[in-house]
Amino acid sequence: MSHTSFKVGRLTCHALEAGRQALDGGAMFGVVPKPLWERRIAPDARNRIPLALRCLLVEHDDGLVLVDTGIGNKEDAKFRDIYAVDNEGAGGRTRLEDTLAELGHTPADVRWVINTHLHFDHAGGNTYREAVDGGGGDAGGAIRIAFPRATYVVQRRELEFARHTNERTAASYLAPNFAPVPFTLVDGAAEPLPGIRCLPTPGHVPYHQSVLVESAGERACFLADLVPTTAHLPLPWIMGYDLEPLVTLESKRRLYARAEADGWLLCFEHDPTVVAGRLGREGKAFGLVDPLGAG
Ligand SMILES: [Zn+2]
């Protein structure tokens, strides 16, 4: 089973395991010393830590809503080795499509795709490379929209930001993941469909958003790279990748106040084992209670 199902009020949600990647542990934990972070997530021989590529699927009255799309199938062997990408699915697509199939859906059934931001490990599956002679990956086919009947949603200024990279940001924003996509753009806090809210949570990138699902008084928040794993729950445990770490700090503080007051379920996109849980305290620091493991 590569999905974990849970209810938010009347809405059925599924955390979809779209594969794995591994990123440098030092870069993932910023200024946190290795002796501290390696107790939370052990690195491999190349100092990389294993990370999930977890997406959220919501069965909404207006159709299936997918939040983030994993890495996709367009990258070459060198890229897949550097990031230890492990996401191959059936028919040359990815495990994201496999998990949809497990639930009885095809990509054409998805009516909304919301991108938290446009980094390759969040938007890579927005598009896919068609197989030529049955091969996937670097086989060189045409690039197509992965969810052809979906309305794709992203922050207007995140799309601008992705289109105008510099030396620091270019490696994360790969044009084939967003250039062919006919986005519907939102500005700041938005509710693209009832009970599905875009919450600006800047810091990782300036126009990063988390997604809040609300139904019948219950709430779940897909945090994305605001808090990529449960190890990042303590306020100062912030990724070295973040462009504005002090802004991340304030975004976390603001979101935690609401999450704690209203008992939000928090969903982790990259945690290797924990899908979701509620905010708790570990001494003075924030931690997790009622963890929900991957299926
Ligand atoms: Zn990420």
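A: Cys-221 counts as buried because its relative accessibility is 0%, where buried means under 20% relative accessible area, exposed over 50% and partly exposed in between, with a 1.4 Å probe and protein chains only. This is a predicted model, in which local features need pLDDT of at least 70 and side-chain atom pairs count only at pLDDT 80 or more, while totals for chains, interfaces and linings use all residues. Residues are numbered from 1 along each chain as its sequence is written, and side-chain values use heavy atoms, leaving out hydrogens and water.

A disulfide is a pair of cysteine sulfur atoms within 2.5 Å, and the closest cysteine sulfur to that of Cys-221 belongs to Cys-267, at 7.6 Å, so it is too far for a bond. Cys-198 is also buried, at 1% relative accessibility, and its sulfur lies 11 Å from the closest cysteine sulfur, in Cys-221, which is again too far for a bond. By this rule the count of disulfides is zero.

Strand β11 (residues 196-200) runs antiparallel to strand β12 (residues 209-215), and five bridges join them; Cys-198 stands opposite Val-211 in β12. An open sheet of seven strands, with mixed pairing, has the order β10-β11-β12-β13-β14-β15-β16, and its edge strands, β10 (190-193) and β16 (285-293), each pair on one side only.

Notes: Two strands pair if DSSP finds at least two bridges between them. Helices (H or I, at least four residues) and strands (E, at least two) are DSSP runs, numbered from the N terminus.
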